[in-house]
Amino acid sequence: EAGLAVAEALGDPIRRARCLSYLGALAQQEGDFATARALQEQALDLLRRAGEVGATAGVLDRLSQALAELGEAEAARRLQEEALALRRAHGDVLDTGWSLVHLGDLAVDRGDLAAARRAYAECLTPRGGPLPPPVLARALEGCAAVAAAAGQGARALRLLGAAAALRETSGAVTD
């Protein structure tokens, strides 16, 4: 909030947008998804008006997650696909992985197992280099959810075991 006040006093829309987005992320962590949505929408509007592409993908990602929590799955998917496109265009391998995981999660939620499988598989075979263990573990957990939904219990358990082993050996925490 102090950072937001400084950004407003300076008339800096990009810093203001970043502060709003961080406050939105905090609201989301506290389970206040309506506030998170409002703050992320304000941040996105500021970034788009300023022509700032670099920070836009992160705000789109966080807004997508807030919308998913509010039950607006289709809007969440569209925003996450936009975030993914921006991340790919900028060669951001790490955040591309996170967008793929989030798209996979959204696909599982709507019962589109084929789309979920594609998103998680792409995350596990990144084009731009290896992803860190937390992203890979989440992709494996997503694959486990797909397997479980498809009635493949033994496969789901193996995938969960692989994700747990990766987290344990790497020290990757659960998000």
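This is a predicted model: local features need pLDDT of at least 70, side-chain atom pairs count only at pLDDT 80 or more; totals for chains, interfaces and linings use all residues.

**Stop 1: helix 2 and helix 4**

Select residues 13-29, which are helix 2, and residues 56-69, which are helix 4. Their axes come within 11 Å and cross at roughly 30 degrees. Angles under 35 degrees count as roughly parallel, so helix 2 and helix 4 are roughly parallel to each other. The crossing of this pair is left-handed. Now show side chains: helix 2 brings Ser-21, Ala-25 and Gln-28 to the contact, while helix 4 brings Val-59, Arg-62, Gln-65 and Ala-66. Colour them by class and you get three nonpolar, three polar and one charged residues.

**Stop 2**

Which residues touch the most other members of the largest nonpolar core? Pick out Leu-20, Leu-60 and Leu-67, in a core of 22 residues. Helix 2, helix 3 (33-50), helix 4 and helix 5 (73-89) each give two or more residues to this core. In soluble globular proteins, nonpolar side chains tend to be buried together. Zoom in on Leu-67: leaving aside residues up to four places away in sequence, Leu-67 touches Arg-37, Glu-72, Ala-75, Ala-76 and Leu-79.

**Stop 3: Arg-87**

Next, slide along helix 5, where you'll find Arg-87. Is Arg-87 buried or exposed? Its relative accessible area is 6%, and buried means under 20%, so Arg-87 is buried. What does Arg-87 touch, not counting residues up to four places away in sequence? Select Ala-57, Gly-58, Asp-61, Gln-80, Asp-92, Asp-95, Thr-96 and Ser-99 to see these contacts.

**Stop 4: helix 7 and helix 8**

Now move on to helix 7 (residues 113-124) and helix 8 (residues 133-149). The two axes come within 9 Å and cross at roughly 155 degrees. Since angles over 145 degrees count as roughly antiparallel, that makes helix 7 roughly antiparallel to helix 8. This crossing is left-handed. By class, the contact has twelve nonpolar, one polar and one charged residues.

Key
Residues are numbered from 1 along each chain as its sequence is written. Side-chain values use heavy atoms; hydrogens and water are left out. Axes are lines fitted to C-alpha atoms, for helices over the stretch in contact, and angles run from 0 to 180 degrees between N-to-C directions. Helices (H or I, at least four residues) and strands (E, at least two) are DSSP runs, numbered from the N terminus. Angles under 35 degrees count as roughly parallel, over 145 as roughly antiparallel, 65 to 115 as roughly perpendicular and the rest as oblique. A crossing is left-handed if the near helix is turned anticlockwise from the far one by less than a right angle, and right-handed if clockwise. Contact means heavy atoms within 4.5 Å. Ala, Val, Leu, Ile, Met, Phe, Trp, Tyr, Cys and Pro count as nonpolar, Asp, Glu, Lys and Arg as charged, and the others, Gly among them, as polar. A nonpolar core is a set of buried Ala, Val, Leu, Ile, Met, Phe, Trp, Tyr and Cys residues joined through side-chain atoms within 4.5 Å. Buried means under 20% relative accessible area, exposed over 50%, partly exposed in between (1.4 Å probe, protein chains only).
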